[in-house]
Amino acid sequence: MATATVLGVFAHVDTTLHAIRALRQQGFSELTVYTPVPVEEIEEDIEKVRPPSRVCLFTVRRSASTAPAPRAPCSAAC
Amino acid sequence: MNLRNRSADATWAGVNRDVIRTVGMPGNTYFAWMCVVGLTLAAGIAAWTWQIYVGMGATGKRTPQMWAMYITTFVFWIGIGHAGTLISAVLYLFRANWRTSIYRGAEAMTIFAVMTAGLFPLIHAGRVWFAYWLMPYPNQRYLWPNFKSPLVWDVFAISTYLIISLVFFIVGLVPDIAALRDSATGVKKRIYAVLALGWEGSDSQWRHYRRAYGLFAALATPLVLSVHSVVSFDFAMALVPGWHSTLFAPFFVDGAIFSGFAMVLILILPMRYYFGWYIYITDKHLDAMAKLILVTSLVLSYFYACEVFTAWYSGDHFERASVFAKATKQYAWAYWLMYFCNSVVPLVFFWKRARTHVGILYVASIFVLIGMWFERFNIIVPGLAHDFYPYTWGTYVPTLTDSAIIVGSFAWFFLLFLGFIRVMPSLSIVEVKAVLPHPLMHGAHGGGH
């Protein structure tokens, strides 16, 4: 059975975040977000429903952010 | 222009455009430089060929001067690499955002400097086709390298350094190569597509990428301290007066970072000029690098003072005689030139205007490189010239062969660097974008696209 996939293109970080949250509320869980740079807020939002990255087993540390400073503690375990 | 201005000017789309523009068909100036570099390298290769044909006598190395300029230049190049790792790994872990615009160039400098340095033990050892004897490999006659020799430690230290730096460098390049792939066409697109390792920028790729990048930064950080410490053991383990000192490891590490930052400036300033990257590499970056040069210079001056003080305070006749000979005998000019370049010239950076003045920065950086090359020269050549026993004293006279090989090593380094900046993004697209304000529809900042 083919699975229907919807692709949305957004030009701004805040509208993307808004879309992710709205979709999540409507019950869509299989979300993939493509960004040109790592975006802290998107990562936090996506990671709420994800198992922690297995790379952490090797790195034994939380994510190293390229953003200036984490604005809120990462909700994921890693 | 400060960072605030930069944020106002630079946009995400602008970063892509300004970096991708530098990859491709270069102009006449570039080809002219490539010709100069290529011819110099050819002269170096010819000299090396001559050395292999004639034998080590062609290099001017005579007892007691068996290390001479090759090991001087080897230590010099290893030192150059250290600032790159400091910028890319240590400043990353400390979240120093100003590193983003310069770290790619600095990291490339590290790789190429280590590749240049690695040639010298081979050139120095003479019969280069037996270079594999340096590696401990299982063999029928149970012949092993002498594990008590710092030469073998060097082999491990430097190969570890090269491998970790290279992996760190390539991991950092992957998202940027993907950006190149997306804008390229034809064969180029295919090549970049292979090198981009299927990067698409999905959220799961980013989260793994960032964790892996943090791991490599953590792995590379101790190497900033350890590699040059091991190189310093080449000297500190020997009983030669002036070498046998516990001071050597921090002394070498500090000098390495000092010379490395000078080399970063020498590479970054022309790139900024030719590529028009004034909004990315701002006065703030130059100021920060000049301050680091100043600090490491002051620490180095302290080590110089310690060196002289311990020679005097130890009461050891040979230590005192070694310092006295360095400062007053046939190599006195090199000794005082080193002090002038390393301890006096960088003091200009106490002056705020000098820290952002391109001309002063460039000239001071050249002085620093000359001074740091002579520092290693002063350790090796005058150190060996005045040993314990007057019978073994001797002056070193360079020849055309070894001088041409030294100059050729600079050409080799610049050839690699010039090649790199035309096929790869020499400014990190991702990291520069990441510190810019994100494009928001309802926000205070308009990032644009």
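Which residues does B:Gly201 touch, not counting residues up to four places away in sequence? In this predicted model, the contacts of B:Gly201 fall in two chains: A:Tyr34, A:Thr35 and A:Pro36 from chain A, and B:Pro175, B:Ala178 and B:Trp206 from chain B.

B:Gly201 sits in the loop of chain B that runs between helix H8 (186-195) and helix H9 (203-236). B:Gly201 has 18 other C-beta atoms within 10 Å and is therefore partly exposed, since a buried residue needs 20 or more and an exposed one has 12 or fewer.

Chain A, which supplies A:Tyr34, A:Thr35 and A:Pro36 to the contacts of B:Gly201, has three helices and zero strands. Its pattern along the sequence is α-α-α. Two further values describe chain A.

| Property of chain A | Value |
|---|---|
| Buried residues, of 78 residues | 19% |
| Contacts between residues 24 or more positions apart, of those with a separation of 6 or more | 58% |

The largest nonpolar core contains 120 residues. Those touching the most other members are B:Ile78, B:Met109, B:Phe261, B:Val264, B:Ile293 and B:Val368. Helix H4 of chain B (residues 68-93) gives this core its largest share, 16 residues. Leaving aside residues up to four places away in sequence, B:Ile293 is in contact with B:Phe258, B:Phe261, B:Ala262, B:Pro346, B:Phe349 and B:Val368. Two of these partners, B:Phe261 and B:Val368, are also named among the core residues that touch the most other members.

Conventions: Residues numbered from 1 in each chain as written. Chains lettered and ligands numbered in written order. Predicted model: local features only at pLDDT ≥ 70, side-chain atom pairs only at ≥ 80, totals over all residues. Helix = DSSP H or I, 4+ residues; strand = E, 2+ residues; numbered from the N terminus. Contact = placed C-beta atoms within 7 Å. Core = buried A, V, L, I, M, F, W, Y, C linked by C-beta atoms within 7 Å.
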